[in-house]
Amino acid sequence: MSDALFRGWLLAWIVWSAVPFGALVLVMIHAVTGGRWGETLAPALRPATALVPLAALTFLGVALGLHAAFPWAAGTGAAPDVLRLYLDPVLFLVRAAVTLLGWSVLAGLFLSGRAGTLVAGLGLTFYGLTISLVSIDWILSVEPGFNSSAFAADVAFHQILAALAFAALVSPLSLDARGASDLAGLMLATLLGVLYLELMSYIVAWYGDLPPKAEWYLKRGASPWGGVLVATLFLGGIVPFLALLFSAVRKSPALLRGVGLLVLIGVTVHFAWLVLPAYGEGAAAAAAVAVLALFVLVLVSGSVSRLIVRRVARPRHV
């Protein structure tokens, strides 16, 4: 039961933290590029960014259950020599600490209005470097052996997409038709990037014909995971993508709410498809715990976000 608890917490944390991490990336991108979209989405993105320190704190649940969630940390699930050197529990926790501390500092700087274009550029560089490491640590290392050069970019796109979908879900009352159109355009572009990376990663792995990669995909294509993948592709990918092609949807805050909900469901199920098959017969118990843990995290998020915004944020002077 303890194994299921920590494995479920890992999945719930990965899903829930995608929104604040993606929101931080969008805030930094807007600081570099400017644009109306950033001001329009600020009421949703700033409170989400405020949750980054909470995401860092709740990672303690992952750290405490390291041996349960990651077979290599318990000395099982043999890995190649070089990978064994990388997947060291101490180094794993150091990488996570540096990453989460850095992201939390960046979130605080932007919420307080103390960060400009230079900090945003450096922050995006730091994010790019760290997500390349922790995406492997937190997700792929549950089943060592599989690797993909595009995986970090795929996780980053999913975090950004989750933040945009969250904004679509919570912002409709404050969006006008123009703001909704801006948000829809960003969601459409990000969703297209996600679908492209997923498809190309699969094609490259398939034509590479390498046993570890083939085994990884075959496990996730077997029942019931093949059905989960199809459901994710249609509900969280194809249906929202096709919906966003219609101008009536793009200009309607209410319809965007439905699209955002579908995308969030798709992101959630996609992360579950990546993680849970590694646990074999224990996947169902881990999934049940993840649902409960995700519910708790969402409930806590609202009050914590408001508290951090009140304490840290400063009024802007135009």
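The largest cavity holds about 70 Å³ of space. The structure has 1 cavity of 30 Å³ or more. Cavities and pockets were located on a 1 Å grid over the protein atoms alone. A cavity is a set of points where a 1.4 Å probe fits but cannot get out. A pocket is an open set with protein on both sides within 12 Å along at least five of seven lines. Lining residues have an atom within 4 Å of a point. Grid points are joined across faces, edges and corners, and a volume is the space filled by probe spheres set on the points. The model is predicted; local features need pLDDT of at least 70, side-chain atom pairs count only at pLDDT 80 or more, and totals for chains, interfaces and linings use all residues. Residues are numbered from 1 along each chain as its sequence is written, and side-chain values use heavy atoms, with hydrogens and water left out.

The largest cavity is lined by Ile14, Ser17, Ala18, Ile131, Val134, Ser135, Trp138, Ile139, Val155, Gln159 and Phe271. Two or more of these residues come from each of H1, helix H8 (117–138) and H9. H8 supplies the largest share, 4 residues. By class, the lining divides into 8 nonpolar, 3 polar and no charged residues. Here Ala, Val, Leu, Ile, Met, Phe, Trp, Tyr, Cys and Pro count as nonpolar, Asp, Glu, Lys and Arg as charged, and the others, Gly among them, as polar.

The largest pocket has a volume of about 600 Å³. Its lining comprises 31 residues, and Glu198, Leu199, Leu229, His270 and Trp273 lie nearest the centre. Helices H9 (151–170), H10 (177–208), H11 (211–221), H12 (225–244) and H14 (253–275) each give two or more residues to this lining. H10 gives the most, with 9 residues. The lining has 19 nonpolar, 9 polar and 3 charged residues.

Two or more lining residues come from each of helix H1 (2–33), helix H2 (36–49), H9, H14 and helix H15 (283–312). The largest share, 5 residues, is from H15. This lining has 15 nonpolar, 4 polar and no charged residues.

The chain has 15 helices and 0 strands. Helices (H or I, at least four residues) and strands (E, at least two) are DSSP runs, numbered from the N terminus. The C-alpha trace spans about 55 × 40 × 35 Å along its principal axes. Of the 318 residues, 48% count as buried. Buried means under 20% relative accessible area, exposed over 50%, and partly exposed in between (1.4 Å probe, protein chains only).

Aromatic contacts were then examined. The structure holds 14 aromatic pairs. Rings of Phe, Tyr and Trp (its six-membered ring) pair if their centres lie within 6.5 Å; planes under 30 degrees apart count as stacked, over 60 as edge-to-face and the rest as tilted. The Phe59 and Phe92 rings have centres 6.5 Å apart and planes at 25 degrees, so this pair is stacked. Phe59 lies in the loop between helix H3 (52–58) and helix H4 (60–64), and Phe92 in helix H7 (residues 89–111), 33 residues apart. Both Phe59 and Phe92 are buried. Ring pairs link Phe59 and Phe92 into a cluster with Trp13, Phe21, Phe70, Trp72, Trp103, Tyr127 and Trp138. The charged end of Arg95 sits over the ring of Tyr86, 3.8 Å from its centre. This assignment requires NZ of Lys or CZ of Arg within 6 Å of the ring centre and within 35 degrees of the ring normal.

Individual sites complete the description. The peptide bond from Ser223 to Pro224 is cis, with omega near 0 degrees. Pro224 is in the loop between H11 and H12. Leu64, in helix H4, is exposed, with a relative accessible area of 70%. Leu64 and Phe6 are 58 residues apart in sequence and 8.1 Å apart in space, C-alpha to C-alpha. Arg84, in helix H6 (residues 81–86), is partly exposed, with a relative accessible area of 45%. The C-alpha atoms of Arg84 and Leu11 are separated by 23 Å, at 73 residues apart along the chain.
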